[in-house]
Amino acid sequence: MSSSATVAQQLPRTEARALSGHEGAVLAVRFNRDGNYCLSCGKDRTLRLWNPHTGAHVKTYKSHAREVRDVHSSSDNSKLVSCGADRQIFYWDVASGRVIRKFRGHNSEVNSVKFNEYNAVVVSAGYDRTVRAFDCRSQSSDPIQTIDTFQDSVMSVNLTKTEIIAGSVDGTVRTFDIRMGRETVDNLGHPVNCISLSNDSNCLLANCLDSTVRLLDKSSGEQLQEYKGHACKSFKMDCCLTNDDAFVVGGSEDGYVFFWELVDAPVVARFRAHSSVVTSISYHPTKACMLTSSVDGSIRVWT
C-alpha cells in the first residue's frame with residue numbers, strides 16, 4: 001500500500017457529533033486559531049460559538065439584520081468579525097457578546113471577512129466588486145483602503161503578513177502587495193467562489209464554478225494541479241488543505257466531501273457528509289479533525 005493510501009485511511013471520516021441550534025442553512029463554520037473552539041453563522045442571522053470536541057454550545061451572537069455569511073476570530077480569541085447580507089461588518093467582543101463597532105462602506109452584500117495577523121485590521125470582500133480594509137483600533141467606521149479593480153462580485157479573501165489575496169466571479173485571483181502597492185492578477189477563466197492558502201503559504205487553492213479546484217503557486221501564479229469529481233456550479237463552497245498540506249478537501253453540492261492527494265490529484269476518499277450542499281469545511285490546525293456545515297442546517301464534527 002502506498003504511503004498516501006496509508007495516510008488516507010487516517011483522514012477524518014467518522015462523525016463524532018453534530019452541533020445543532022441554527023435554524024436554516026449554515027453558511028460557514030470555522031475553527032478558532034488553536035482549534036479548541038469553533039464559530040458558525042447562517043441564514044438565521046446568528047453567530048454561534050461552540051466547543052466542537054464536547055458539542056457544547058457556548059454562546060449566541062445576535063445583531064445582524066439579515067443572513068450571516070462569514071465569521072473569523074482574532075488570534076487571541078477575544079474578538080470576532082462577521083459579515084453578511086446586511087452590508088455591514090460587525091466587530092464583536094467575544095466574552096460579552098457586545099458589538100464594538102459596525103464597519104460600513106460596502107453598498108451590497110458582504111461575502112467574506114478576515115482579521116490580519118495582528119488583529120488590528122479587518123478585510124472584507126463583497127458583491128459590490130470591492131475589497132475593503134478597516135482599522136479596528138480607530139473609532140472610525142469607514143474603510144482605510146478600498147480595492148475596486150474587480151469586474152464582478154468578490155467571493156473570498158485571505159491575508160498574509162504583506163498581502164491581500166481575493167477571488168472573484170470575474171475569474172481572477174488578485175494579490176495586492178500592501179507594502180509595494182502592487183497588484184498581481186491570475187486569470188483562471190472560471191468564476192472563483194473560494195480561495196484558501198496552504199499552511200506553508202506557498203500555494204493557493206481556488207474553488208471554481210466549473211466543478212474544479214485549482215492549485216496555484218502563490219509567487220508565480222502557475223497552475224500546479226486540478227482536482228475534480230465534486231459538483232460546484234452555483235453555490236459558494238469552501239475548499240482547504242489538511243493541516244499537513246498532504247490532501248485537498250472540498251465539499252460538493254450533492255452533500256459529499258472529497259479528499260484529493262495533493263501532488264497527483266486522485267480522489268483518495270469521498271463520503272456523504274450532509275443531505276444537501278456542503279457550504280463550509282474547516283480543518284483542525286493540528287489534529288485529524290474536521291468541521292463541515294450545510295444548507296441542510298447541520299454542522300458535523302468528523303474525526
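1. A salt bridge here is a side-chain nitrogen of Lys or Arg within 4 Å of a carboxyl oxygen of Asp or Glu. By this rule the count comes to 18. The model is a predicted one: local features need pLDDT of at least 70, side-chain atom pairs count only at pLDDT 80 or more, and totals for chains, interfaces and linings use all residues. Residues are numbered from 1 along each chain as its sequence is written, and side-chain values use heavy atoms, with hydrogens and water left out.

2. R300 pairs with E15 in a salt bridge whose closest N and O atoms are 3.4 Å apart. R300 is in strand β28 (residues 299–302) and E15 in strand β1 (residues 15–19), so this pair ties together parts 285 residues apart in sequence. Strands are DSSP runs of E, at least two residues, and helices are runs of H or I, at least four, numbered from the N terminus. E15 is partly exposed, at 38% relative accessible area; buried means under 20%, exposed over 50%, and partly exposed in between (1.4 Å probe, protein chains only).

3. K43 and E67 form another salt bridge, with the closest N and O atoms 3.0 Å apart. K43 sits in the loop between β3 (38–42) and β4 (46–51), and E67 in the loop between β5 (56–62) and β6 (68–73), so the pair ties together parts 24 residues apart in sequence. K43 is partly exposed at 46% relative accessible area, whereas E67 counts as buried at 15%.

4. The salt bridge between K218 and E163 has its closest N and O atoms 2.7 Å apart. E163 is buried, with a relative accessible area of 15%. Salt bridges that share partners join K43, R66, E67, R69 and E109 into one network.

5. K218 also touches N202, as do L216 and D217, not counting residues up to four places away in sequence; contact means heavy atoms within 4.5 Å. N202 lies in the loop between β18 (192–197) and β19 (203–208) and is partly exposed at 45%.

6. A nonpolar core is a set of buried Ala, Val, Leu, Ile, Met, Phe, Trp, Tyr and Cys residues joined through side-chain atoms within 4.5 Å. In the largest, of 15 residues, V249, V257, F259, F271, I281, Y283 and M290 touch the most other members. The elements giving two or more residues to this core are β23 (247–251), β24 (256–261), β25 (267–272) and β26 (278–283), with β26 giving the most, three residues. A second, separate core of 14 residues includes A120, V157, I164 and A166.
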